[in-house]
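Work through the exercises below with the structure in view. Each task is followed by a solution in steps.

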Amino acid sequence: MAKSDGKVKVMGRWQCPFTMRARIALNIKSVNYELVEARPWDGQSQVLHESKSNPVMVHGDKSICESLNIVEYIDEIWPYAPSIVPSDPLERVTARFWAGYLKDQWFPSLKAIGTAEGEDTRKAAIRQVEKGLVLLEGAFGKCSKRKAFFGGDQIAYLDIAFGCFLCLLRVEEKVNGIKLLSEAKTPDLLKWAHRFCSNAVVKDVMPTIESLIEYDEIIMGRMKGVASPASKL
């Protein structure tokens with residue numbers, strides 16, 4: 001096992017859900033780290049570009065790529081409680097299955113809502129997201145065993161994998177005037193989302209809806225060659 005000593009840096013973007021995964025895992029383990037902001041319009045993102053990964057965690061002289069790889073690395077290098085990755089083999093593979101579903105199917109549908117060309121395409125993406133949330137509602141009931149989080153009493157692997165997308169989900173709800181999480185269709189996920197976002201290891205990491213919308217407007221302005229206040233940040 002690698003040593004747990006050495007400075008820790010997380011290289012990524014504050015608004016990125018995948019960067020958030022690494023930061024939440026480090027917070028769970030009470031590990032001090034430095035967030036090295038990488039902006040898409042300057043040279044700071046060169047390491048991320050070369051690694052084709054966001055984020056990258058630097059631990060001493062080692063670099064670890066891909067958000068869920070980083071989460072598992074953190075749990076193994078700092079093995080004290082609370083644990084993040086389930087110790088039970090079945091629970092572990094189940095959590096990884098749903099994390100893969102989020103990555104390969106659900107999150108692409110969420111992104112498609114904002115990039116859809118035409119109302120029919122947008123509505124189709126919304127339906128896919130809603131179907132996925134119903135599936136995840138069922139998964140929550142089985143994984144949580146009627147406790148507060150997918151991981152039981154504490155935020156764990158699948159909570160991190162899914163929870164990092166909640167702010168983007170809220171952005172799509174606000175921008176499109178829709179409700180994706182609701183008391184009618186996903187009551188348990190709705191309560192879970194509130195608990196997750198208000199948890200001490202998450203709340204200082206989770207960006208606000210307003211900050212994400214403002215950031216998107218700034219980036220669009222830069223792409224169009226329009227000056228913005230962010231140039232002074």
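A salt bridge is a side-chain nitrogen of Lys or Arg within 4 Å of a carboxyl oxygen of Asp or Glu. This is a predicted model, in which local features need pLDDT of at least 70 and side-chain atom pairs count only at pLDDT 80 or more, while totals for chains, interfaces and linings use all residues. Residues are numbered from 1 along each chain as its sequence is written, and side-chain values use heavy atoms, with hydrogens and water left out.

**Exercise 1.** State how many salt bridges the structure holds.

Solution. The count is nine salt bridges. Three of them are treated below.

**Exercise 2.** Find the distance between the closest N and O atoms of Asp153 and Lys147, then classify both residues as buried, partly exposed or exposed.

Solution. Step 1: these atoms are 3.7 Å apart, and the pair forms a salt bridge. Step 2: apply the classes for relative accessible area: buried is under 20%, exposed is over 50%, and partly exposed lies in between (1.4 Å probe, protein chains only). Step 3: Asp153 is exposed because its relative accessibility is 53%. Step 4: Lys147, at 42%, is partly exposed.

**Exercise 3.** Classify Glu183 and Lys191, whose side chains meet in a salt bridge.

Solution. Step 1: the N to O distance is 3.5 Å. Step 2: Glu183 has a relative accessible area of 49% and is partly exposed. Step 3: Lys191, at 41%, is partly exposed.
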